[in-house]
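Me: I have a new model open. Could you take me through how to read it, feature by feature?

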Amino acid sequence: MRASSKQRADRPVRVAIIGSGPAAFYAAEALLGQTQCPVAVDMFERLPTPYGLVRAGVAPDHQSIKAVSRRFERTAQRPGYRFFGNVTFGEHLLLSDLAQHYDQVLYGVGSAADRRLDIPGEDLAGCVHSSAFVGWYNGHPAYRDLAPDLSAERVLVVGNGNVAVDVARVLARTADELERTDIADHALERLRGSRVREIILAGRRGPLQGAFTPAELRELGRLEAADPVVSASELELDPVSASALSGASAQARRNLEILQEFSQRGAGGRGRTIRFRFLVSPVALEGNAEGRVEAVRLEHNALVRTDSGRVAARGTGQSERLAVQLVIPAIGYRAVALPGVPFDARQAVIPNREGRVLRAADSGVPLLAEYVVGWARTGPRGLIGSHKAGSEEVARRMIADAEALVGERRALAPPEAIAALLERRGAKPVAFSEWQLLDAEEVARGADRGAPRRKVVEVDQMLEVIEQKKRSDQVPEAIEQKKRSDQVPEAIEQKKRSDQVPEAIEQKKRRDG
Ligand SMILES: Cc1cc2nc3c(=O)[nH]c(=O)nc-3n(C[C@H](O)[C@H](O)[C@H](O)COP(=O)(O)OP(=O)(O)OC[C@H]3O[C@@H](n4cnc5c(N)ncnc54)[C@H](O)[C@@H]3O)c2cc1C
Ligand SMILES: NC(=O)c1ccc[n+]([C@@H]2O[C@H](COP(=O)([O-])OP(=O)(O)OC[C@H]3O[C@@H](n4cnc5c(N)ncnc54)[C@H](OP(=O)(O)O)[C@@H]3O)[C@@H](O)[C@H]2O)c1
């Protein structure tokens, strides 16, 4: 039976969003911004801080990109939105809880784990995967103690994507350049003492197959104290690439032109070098007596065209040994399975059709009321802005499904009950207004180093800062309250006095007869 519009208006559709990255926020914006059907959104984020990789991934020297968080801030001010930071799905909040509190669940948990090289030596000290290295310089609480050994003179960054470029650039920048960014204090301090001289960016395919974008590549040629170096022989196209050149994308051709321009510059003399190597794959890392990386074995590759038409790298069996002291694989990410939520281990995504979660990867059956957006849906590719359209599309489907099922709406626990549940589970949730206190404190602390902010990097410290700010904000408020309460007796006295005036007149009248 279809419900009447009166039934529809009884209460909003209650949606739990897990994660607070760009995909989650774009979805919240679309859900709260539509007028077809009232929606209330509770967003759960495992960190006390919102915005996912906008805070923990985007490089500190790319501040302008982070301005998108202002848009998300506006969404957080909308009626019907609540933020529960410092709450981990799977630990403080289970799928069975969500069924009692929400009509729909939307996963926007990103791809938190690294793809691995799966080669011998990958777990040696001195091999640090990009999620950890990036998390470390960006002040992600999970990586604050990483302390990568920057006494290394030569670093190998594996991969030819934008993350590899970010990592190479941060290593190549001077501490003075980084000081004015929001890089974590601990990273700035360590980078200040860095002895890194050479950063090798190694691609398993050729210069025409780089996944980096021209703007990011070009930036490597504009650093204060580092030069990009690529030998002309590295840029000679192999037969497969040569035949693909005429049909190559504008991005691939532009990348090649920039690399050719770098190659013509020669060695440069700024101090550090970023050296490009192509058609090589690490096949083993070798450790020294202390178990630290001291060398990598690089196999040379040839490119082949597969049956599906893809250009793939194949090892030639020829290899070289290269002394390196730090290896940073930046070869992409993988989503992590959430307890109780279907997972496609092969694709490393939550299996879905058009954002509706499927019972299993090989099942076409969508689960009722479970959805997914962002990297957890598509895999780890795409820029921040690219999630807007995808999240809006999933939000539209959620609204359509909610409308279709309006007659079957279950009775849910009252909206305030979720806070009690989280407390029972030992969570200390951070509300959006509390995050804003921490945000303001970080921004204020940045002023002494000319930085946009100085991040607090420990969860306990974040909570402490919030408590302190609340206490100090309460002082002026308490003074105001005191003033207000002092004014009450005064007002009563005044009222009494003014009431006494007519009374005095009356008395006088009575006396005067
Ligand atoms: C190093 C790096 C740099 C990048 N730089 C740029 C750039 O400069 N410009 C650009 O346009 N794009 C950049 N990108 C890409 C961009 O960051 C992604 O496209 C985007 O962040 C993906 O959004 P998402 O919401 O799917 O995931 P995320 O941003 O990863 O957000 C997922 C959120 O879910 C939370 N979460 C995970 N598990 C749980 C759980 N169990 N319970 C509660 N919360 C959970 C996480 O803490 C996180 O906050 C970069 C990516 C990386 C990796
Ligand atoms: N400034 C920015 O705008 C910015 C910054 C960072 C990230 N991002 C975006 O975030 C997304 C993720 O970036 P990403 O760099 O992690 O991923 P990516 O763009 O997919 O690049 C991954 C790189 O790793 C290589 N690779 C994968 N497996 C490998 C292996 N086993 N051995 C050697 N190399 C391997 C890939 O080579 P093949 O091509 O041969 O597979 C590719 O060069 C991208 O969309 C990116 O544009 C943007």
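Reply: Start with the elements. The protein chain has 17 helices and 17 strands. Helices (H or I, at least four residues) and strands (E, at least two) are DSSP runs, numbered from the N terminus. This is a predicted model: local features need pLDDT of at least 70, side-chain atom pairs count only at pLDDT 80 or more, and totals for chains, interfaces and linings use all residues. Residues are numbered from 1 along each chain as its sequence is written, chains are lettered from A and ligands numbered from 1 in the order in which they are written, and side-chain values use heavy atoms, with hydrogens and water left out.

Me: What does the C-alpha trace span along its principal axes?

Reply: About 120 × 60 × 45 Å.

Me: How do I read burial, and what percentage of the residues is buried?

Reply: Buried means under 20% relative accessible area, exposed over 50%, and partly exposed in between (1.4 Å probe, protein chains only). Here 49% of the 513 residues are buried.

Me: And contacts along the sequence?

Reply: A contact means heavy atoms within 4.5 Å. Take the contacts between residues at least 6 apart in sequence: 74% of them join residues at least 24 apart.

Me: Which residues come nearest to ligand 1?

Reply: First the rule: a residue is near a molecule if one of its heavy atoms lies within 4 Å of it. Ligand 1 has 31 residues around it, and Glu-45, Trp-375, Gly-382, Ile-384 and His-387 come nearest.

Me: Which polar atoms face its oxygen atoms?

Reply: A polar contact is a pair of N or O atoms within 3.5 Å; within protein, one must be able to donate a hydrogen and the other to accept it, and residues adjacent in sequence count only if both atoms are side-chain atoms. A polar backbone atom of Leu-53 lies 2.9 Å from an oxygen atom of ligand 1. Ile-384 also places a polar backbone atom 2.9 Å from an oxygen atom of the ligand. His-387 uses a side-chain N or O atom, at 2.8 Å. On its own ligand 1 has 1,000 Å² of accessible area, and the protein covers 91% of that. Such areas come from the Shrake-Rupley method with a 1.4 Å probe; for residues, only the protein chains shown count as cover. Elements giving two or more residues to this shell are α2 (22-33), β2 (39-45) and α7.

Me: How many residues surround ligand 2?

Reply: There are 22, the closest being Asn-160, Asn-162, Arg-204, Arg-205 and Gly-382. Asn-162 brings a polar side-chain atom to 3.0 Å from an oxygen atom of ligand 2. For Arg-205, the side-chain N or O atom is 2.8 Å from a ligand oxygen. Glu-216 has a polar side-chain atom 3.2 Å from a nitrogen atom of ligand 2. Taken alone, ligand 2 exposes 910 Å², and the protein buries 81% of that. Helix α7 (residues 162-172) gives the largest share of the shell, 3 residues.

Me: Why is helix α6 called largely enclosed?

Reply: Because 8 of the 8 residues of α6 (residues 130-137) are buried. Among them are Phe-133, Trp-136 and Tyr-137. The cover includes α3 (53-56), β5 (113-114), α7, α9 (185-192), β13 (326-329) and β14 (333-334). Just after α6, Gly-139 takes a positive phi of about 75 degrees.

Me: Is Arg-377 buried or exposed?

Reply: Arg-377 counts as buried, at 18% relative accessibility. Its place is in helix α13 (residues 375-378). Beyond its neighbours within four places in sequence, Arg-377 is in contact with residues including Val-349, Asn-352, Glu-354 and Arg-397.
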